[in-house]
Amino acid sequence: MTQTLPVAAPVAAPSRRWWTLITVGLAQLMVVLDSTVVNIALPAAQADLGFSNGERQWIITAYSLAFGSLLLLGGRLSDLIGRKRTFIIGLIGFAAASALGGAADSFGLLVAARALQGVFGALLAPTALAVLTTTFTIPKERARAFGVFGAIAGAGGAVGLLLGGFLTEKLDWRWNLYINVVIAIIAVIGAIVFVTNAERTGPRPKLDIPGTIFVSGALFGLVFGLSNAETDGWDSPLTWGMLAGFVVLITAFVLWQRRAAHPLLPLSIVLDRNRAAAYTAVLLAGAGMFGIFLFVTYYLQASLGYTPIQTGLSFLPMIGMLVVAAQLGTNLLLPRFGPKVMVPFGMTIAAVGMVLLTRLDLGSEYVPDILIPLMILGFGMGSTMPAAMQTATLGVDREFAGVASAMVNTSQQVGGSIGVALLNTLAATAATDYLAANQPATAAVAARAAIESYNTAYWWGAGIFATGAVIAALLFRRRGQGLALHTEPAADAEPVLAH
């Protein structure tokens with residue numbers, strides 16, 4: 001690990017720090033909502049550009065493959081070349097890729113633009129969290145900042161559904177991509193004015209090339225394998241070949257990190273008990289959360305006949321509860337009880353919300369049948385995500401803040417990929433079994449089969465959250481053992497490389 005000269009970390013004025021939070025929050029919102037905002041635009045884009053149903057999934061997969069496989073590299077680059085510079089490059093690149101996608105006149109160009117979005121998103125997302133981590137070091141301010149950031153991370157998908165529905169219905173599907181240009185311009189101005197840029201001290205560390213190749217290849221294999229399972233099934237040789245490749249490459253990555261002079265991801269970061277618990281919580285929450293958005297959206301539009309805008313509006317109470325829980329948890333409850341209580345509590349509440357969703361049928365009303373479970377889920381996610389994200393980056397050396405932050409994004413992305421692939425497969429199997437057992441397959445039977453498939457996904461989603469609650473309760477340290485959220489950072493003698 002590179003040795004650096006101890007220097008005092010620059011402390012920004014309070015007002016400047018909060019403007020930095022707004023800037024970072026805009027960048028995080030842009031990246032997170034892009035995972036769902038494009039989904040609603042897909043039917044209109046398909047009609048406009050004329051690509052097939054089989055090709056359609058590549059609009060989503062191209063983004064997730066590039067994003068998921070390059071996150072750790074993006075986080076490490078922010079450590080090496082400076083966080084302000086990396087942040088601005090990521091914003092400009094993401095905006096340019098979005099503009100290219102919005103102007104696409106062919107399927108191939110749209111896929112290429114989505115892949116480019118993923119590349120710059122992998123640079124931007126961990127850098128945004130690293131900027132937040134190194135800007136807010138006062139415990140009380142840090143709690144508030146992570147409450148806001150965690151709320152954005154949790155609610156971004158639902159915001160994407162709302163925004164995507166409005167833009168698709170009122171303007172054009174291309175505005176689901178163009179909107180990123182508007183957000184990025186505001187964020188770039190904010191980054192230039194408010195994000196601090198410390199001078200590097202000591203020798204420049206080297207990039208771990210073998211480790212980068214191993215982990216990027218491993219994450220590519222994992223995300224591609226899970227995406228392929230969603231489309232071709234779990235019996236596909238390509239699915240298992242890619243997943244086997246992931247196991248081989250991730251093993252090689254771990255073995256290399258133990259001996260590398262300049263490791264991409266020092267194993268001490270992920271082997272710390274609290275951080276390991278936090279990364280696991282983010283992964284499982286991501287798996288359950290993506291299932292919520294996916295299947296509730298299907299249910300509202302396909303089963304109840306909601307329009308895209310109505311579907312997006314339906315998630316607003318969930319977002320409201322998520323924001324309330326995030327602020328209440330990080331400012332009052334987390335400092336008092338710690339993550340060992342708050343994360344299992346949030347996961348348990350989310351599991352209850354998922355169980356309530358299993359009661360939905362073709363005759364359900366929005367109030368109270370849909371509204372109450374969504375609000376409960378929002379409160380659960382708002383209690384879980386900020387606490388887990390704050391713990392995941394606590395106590396990490398500034399030299400590795402970027403790659404530690406990247407692990408948070410990687411966990412959420414991998415969790416989402418696992419959740420979508422697994423729950424889709426289980427839901428499809430449940431629908432097929434219901435149709436086989438209820439012949440002839442009339443329209444009414446097909447509608448009931450869809451409800452059966454959603455309910456199966458909700459039950460498994462509840463199981464994911466319940467599993468997360470148990471793991472978090474067992475794995476997180478008790479308050480006062482090891483890392484603690486109330487620990488004051490050292491005012492001086494902090495190694496500063498770049499931020």
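In which hand, left or right, does α15 pass α16? I note first that this is a predicted model. I found a right-handed crossing of α15 and α16. Helix α15 covers residues 401-437 and α16 covers 443-475, and their axes come within 8 Å and cross at roughly 145°. I then listed who makes the contact: from α15, residues including L423, A427 and Y434, and from α16, residues including R448, E452 and W460.

Next entry: salt bridges. My search of the whole structure gave 3.

I started with R17 and E141, whose closest N and O atoms are 2.8 Å apart. R17 sits in helix α1 (residues 14-49) and E141 in helix α5 (residues 139-170), so this pair ties together parts 124 residues apart in sequence. R17 is buried at 4% relative accessible area, and E141 also counts as buried, at 14%.

Then I looked at D48 and R174, with closest N and O atoms 3.2 Å apart. D48 belongs to helix α1 and R174 to the loop between α5 and α6, so the pair links parts 126 residues apart in sequence. Here D48 is partly exposed at 42%, while R174 is buried at 17%.

The D272 and R477 salt bridge has its closest N and O atoms 3.2 Å apart. D272 is in the loop between α9 and α10 and R477 in the loop between α16 and β2, so parts 205 residues apart in sequence are tied together. I found both residues, D272 and R477, buried.

Last entry: the surface. L171, W175, V182 and I186 make a nonpolar patch of about 370 Å². I placed V182 in helix α6 (residues 175-194), and V182 is partly exposed, at 41% relative accessible area.

Definitions and conventions:
Residues are numbered from 1 along each chain as its sequence is written. This is a predicted model: local features need pLDDT of at least 70, side-chain atom pairs count only at pLDDT 80 or more; totals for chains, interfaces and linings use all residues. Side-chain values use heavy atoms; hydrogens and water are left out. Patches are made of residues with over 30% relative accessible area and no salt bridge: like charges are joined within 9 Å, nonpolar side chains (Val, Leu, Ile, Met, Phe, Trp, Tyr) within 5 Å. Accessible areas come from the Shrake-Rupley method with a 1.4 Å probe; for residues, only the protein chains shown count as cover. A salt bridge is a side-chain nitrogen of Lys or Arg within 4 Å of a carboxyl oxygen of Asp or Glu. Helices (H or I, at least four residues) and strands (E, at least two) are DSSP runs, numbered from the N terminus. Buried means under 20% relative accessible area, exposed over 50%, partly exposed in between (1.4 Å probe, protein chains only). Axes are lines fitted to C-alpha atoms, for helices over the stretch in contact, and angles run from 0 to 180 degrees between N-to-C directions. A crossing is left-handed if the near helix is turned anticlockwise from the far one by less than a right angle, and right-handed if clockwise. Contact means heavy atoms within 4.5 Å.
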